[in-house]
Amino acid sequence: MSNLKMKEAALIYLDRSGGLQKFIDDCKYYNDSKQSYAVYRFNILINSSDVVELDAELGNYILHQPLKAAQVFQSVCFIAVKTLLLIGQLQTETQINIVLKLTHLPSLPSYSLNFCEFPLDYTSQRFYIMQGIVIAMTTVTKYTQGARFLCSDEACPLSKGFQYIRVHVPGATESATVRNDFFCNLCSSSLQEDRKFRVLGDKQIVEIITAEALHAFQGYSNTQPFRFQSLTVFLRDESVNKMNIGNEYKIIGIPTCVKALQNSVCIEANSITFCNPKVPSGISDNFRCLLSLTSSSCWKFTAILANIFASHIVPPGTYNLLKLCLLMSLVQTSDCNKELGDCLDILIVTSDSLLVDRLLNFSINLVPRGIRHPVSTEIFPTLSRNNYGTGAVSIQAGSALLAKGGICFIGELAAHKKDKLDQLQSVMESRNITVYIPGKKFGDDINQQMSFPIQCSFWSFVDMDSSSKKNMQKTNTLIGQMDCSLIPANLVEAFGLLINCNESSPCHPFLPAVQHTLKKAIDPEGPLYLASKQFTTEDFEKLLAFAKNLNVEFNLEAERMIHGYYLASRRIRTDSICGSKLSASALKYLVSLSEAHARLNLRKKVHKEDVLIAALLFETSLTLKYGAAVFSIAPNAVFPFELYNEEYLEQRDIYLTQCQQQLLQFISTYGPGTAIFTSDE
């Protein structure tokens with residue numbers, strides 16, 4: 001295809017796609033400006049499918065030789081400017097800098113760049129699409145977008161005008177655009193830059209990893225320091241600050257080899273889109289059948305879920321309270337790019353840390369962003385020097401930002417130092433972390449700070465079984481209160497739920513766990529229970545993925561009840577010295593618990609039955625922290641009976657109905673009178 005026909009096809013595409021009108025509008029901005037320009041930069045949006053349909057050869061040129069394709073559009077745009085008299089100051093074609101922005105690439109394997117496959121093609125200088133999670137990013141710095149050079153010999157005709165214009169091309173370093181060893185093509189004299197016409201742009205460097213790498217280390221506990229092998233992506237101009245740490249993106253870009261401390265393959269980003277995960281259309285047939293059989297009750301389905309959950313780790317019927325809380329926390333995770341305001345943090349006090357650790361480790365593997373924090377790394381973002389000599393500071397994610405929208409399991413609290421626990425408490429209260437960047441340390445004149453929202457739930461446990469801790473425990477003076485003197489009081493308060501799993505608690509039956517361990521030792525691979533065959537791990541993954549994407553809302557009755565319980569509890573747990581023991585976040589946790597129970601029931605409406613479970617869980621946690629109050633409940637109120645058959649489920653429903661009446665009586669007695677039953681409240 002001749003160059004002329006290629007230009008004709010490019011002009012037709014610009015006209016049909018609306019790109020020509022946008023180009024004319026951009027030219028008007030430059031023409032009306034009083035500023036003098038050496039380089040005029042234009043972004044042209046390219047839909048590769050439309051171009052290929054219009055002219056296959058031009059489409060192939062754009063996809064496989066983008067730098068040369070940009071020159072074709074550059075020539076077309078220059079002719080349009082001169083013909084239509086769009087920019088009076090424009091003198092030469094080289095002054096026009098065309099950037100082709102692709103909307104997408106063909107859905108073919110040859111256009112996909114997989115981090116896990118080697119060798120990576122970085123020599124063809126063509127577009128690829130890749131997908132990855134951001135684990136680090138730098139602050140924004142400047143780079144030379146374009147520069148004007150003049151011949152140093154004043155007698156040379158090229159010592160004036162705009163013949164020597166250099167612009168940045170994908171993969172080029174700063175020295176490729178601006179340096180002092182360029183020579184005149186006419187007289188061979190050295191070229192000098194006209195600095196007043198230098199054009200600067202914004203640049204940012206991010207590091208991404210494939211989601212498969214994150215999943216490979218999901219639940220992996222390692223005391224040795226390690227770091228993910230990442231791919232570096234250069235963002236420029238419009239793409240700067242469009243990527244956030246912890247998010248997953250699809251990136252169209254051109255691979256290139258950059259020489260820094262060592263040669264490394266990098267990506268020059270062309271376009272960026274946020275990855276919207278696929279939402280499952282439903283649940284497994286077994287769970288659908290179970291949901292249908294238990295539809296007459298708002299409590300049976302979740303009770304059975306908790307009973308059979310993780311049956312290969314703990315026998316059914318044990319740790320039901322803990323397993324229910326874990327499932328409720330898991331359905332409050334989110335795959336979408338939105339703020340996670342309804343997270344559920346869980347702190348477990350146990351005398352069997354090995355079993356609890358296994359249970360939590362298994363649970364975080366059921367969601368895409370379940371992160372097991374390695375003790376050798378940092379929970380929150382840290383600073384390091386950038387390896388590409390840009391003078392920018394690199395901000396490393398840390399486990400909390402990598403767990404965005406998911407769960408960050410930080411292991412045992414005792415494994416962390418006091419300053420880290422203080423930082424954890426501060427972050428859990430504010431759901432935000434601020435990173436301070438000292439200017440002097442990183443070669444800058446001013447100090448900077450960057451804030452990141454923490455959008456994950458934290459899980460942790462405390463092992464009360466060590467002899468040193470036993471000797472330090474104090475005698476409780478309040479009924480139902482647990483000795484939490486080993487944990488900072490403010491940190492205990494920061495966790496929304498405190499769960500007791502020791503030998504004296506109802507959720508820790510000793511004999512079934514021993515029998516389960518012995519059976520597992522005799523036949524490690526064999527299924528121990530029928531529930532393990534009927535409801536597999538994949539079924540639970542599908543259930544959680546479907547449930548957490550349900551948009552739930554409160555009905556009026558549930559909203560009145562949750563407000564009434566909060567206000568009544570705040571009133572009875574207030575003293576004249578310390579004020580209220582209920583923090584401002586208590587209502588948020590109650591709302592989150594209610595929503596979680598509704599989601600776990602696969603309902604889009606939160607009913608008063610969901611609020612009851614939330615109130616019982618929250619009251620159990622409050623009793624462990626501060627002792628029993630007027631609304632006194634049993635430690636095993638949520639699971640008062642061992643669930644063996646339908647009869648026990650019916651008994652549990654009757655018991656919970658009685659608890660609901662007690663809750664309403666408590667609200668009417670200690671709440672703010674009839675105000676809780678008005679729409680204003």
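**Close-up views of charged side chains**

**View 1. Asp 285 and Arg 288 are three residues apart in helix 8 (residues 285-293), so about one helical turn separates them.** Helices (H or I, at least four residues) and strands (E, at least two) are DSSP runs numbered from the N terminus. In this predicted model, local features need pLDDT of at least 70 and side-chain atom pairs count only at pLDDT 80 or more, whereas totals for chains, interfaces and linings use all residues. Residues are numbered from 1 along each chain as its sequence is written, and side-chain values use heavy atoms, with hydrogens and water left out. The side chains of Asp 285 and Arg 288 meet in a salt bridge (2.6 Å, N to O), a term for a side-chain nitrogen of Lys or Arg within 4 Å of a carboxyl oxygen of Asp or Glu. Asp 285 is exposed, at 59% relative accessible area, and Arg 288 is partly exposed, at 41%; buried means under 20%, exposed over 50% and partly exposed in between (1.4 Å probe, protein chains only).

**View 2. Asp 422 and Lys 418 form a salt bridge (3.0 Å, N to O).** Both residues lie in helix 13 (residues 418-430), four residues apart; Asp 422 is partly exposed at 33% relative accessibility, while Lys 418 is exposed at 61%.

**View 3. Asp 237 and Arg 41 meet in a salt bridge (3.3 Å, N to O).** This pair links distant parts of the chain, 196 residues apart, with Asp 237 in the loop between strand 8 (231-236) and strand 9 (248-259) and Arg 41 in strand 1 (residues 40-46). Both Asp 237 and Arg 41 are buried.
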